[in-house]
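Reader: Hi, I have a structure open and would like to go through it with you. Could we take it one topic at a time?

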Amino acid sequence: MISLTDSQKIGMGLTGFGVFFLFFGMVLFFDKALLAIGNILFVSGLSFVIGLERTFRFFFQRHKVKATSFFLGGVFVVLIGWPIIGVVLEIYGFFLLFRGFFPVAVGFIRRIPVLGSLLSLPGISSLVDKIGESNTMV
């Protein structure tokens, strides 16, 4: 089992609440307040989990400038009051930021008994194969 420090446990909680508030804000027709709270909790939770220095190194790498600007720009747009445009920018930036992680996630999900069989269905399989390739989501 992986041992977590207390700050990493707090970060996992903040990140979880952030994802919950983001989802709940989208379900309630892009509620500005819930999306703003979700954004703040998600980013602060991420920095608690991996540390402040590693968070800055992750977001401000030279080859991730475009992705970071879209993601943080979307957070800013949500905070100033345009939730739909902000969420679209955030989602695009999120996919650009974490596209290197998608092949790992798809490989892990394919090993889960029920989900793996769902991902091997004909229509879904080709889509998952595209997502699983890290260089196709540019």
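Reader: Let me start with the helices: is the crossing of α2 and α3 right-handed or left-handed?

Author: Before anything else, please keep in mind that this is a predicted model. In it, the crossing of α2 and α3 is right-handed.

Reader: And what about the axes of α2 and α3, at roughly what angle do they cross?

Author: They cross at roughly 115 degrees, and the axes of α2 and α3 come within 6 Å. On the α2 side the contact is made by Leu-46, Ser-47 and Ile-50, while α3 brings Leu-52, Arg-54, Thr-55 and Phe-59 to it. Sorted by class, the residues of this contact of α2 with α3 are four nonpolar, two polar and one charged.

Reader: What about the second largest pocket, which residues line it?

Author: The second largest pocket has a volume of about 290 Å³, and its lining includes Val-19, Leu-22, Phe-23 and Met-26, along with Phe-71, Glu-90 and Phe-94. The elements that give two or more residues to this lining are α1, α2 and α5 (83–97).

Reader: And how do the residues of that lining divide by class?

Author: In the lining of the second largest pocket, 10 residues are nonpolar, one is polar and one is charged.

Reader: New topic, I clicked on Thr-68: where is it found?

Author: Thr-68 is found in helix α4, which covers residues 65–80.

Reader: Why is Thr-68 called buried?

Author: Thr-68 counts as buried because its relative accessible area is 3%, and the cut-off for buried is under 20%.

Reader: So which residues is Thr-68 in contact with, leaving aside neighbours within four places in sequence?

Author: With those neighbours left aside, Thr-68 is in contact with Phe-59, Phe-60, Gly-73 and Leu-97.

Methods: Residues numbered from 1 in each chain as written. Predicted model: local features only at pLDDT ≥ 70, side-chain atom pairs only at ≥ 80, totals over all residues. Heavy atoms only, no water. 1 Å grid on protein atoms, 1.4 Å probe; cavity = no way out; pocket = protein on both sides within 12 Å on 5 of 7 lines; lining within 4 Å. Points joined across faces, edges and corners; volume = space filled by probe spheres on them. Helix = DSSP H or I, 4+ residues; strand = E, 2+ residues; numbered from the N terminus. Nonpolar A, V, L, I, M, F, W, Y, C, P; charged D, E, K, R; others polar. Axes fitted to C-alpha atoms, helices over the stretch in contact; angles between N-to-C directions. Left-handed = near helix turned anticlockwise from the far one by under 90°. Contact = heavy atoms within 4.5 Å. Buried < 20%, exposed > 50% of the residue type's maximum accessible area, 1.4 Å probe, protein only.
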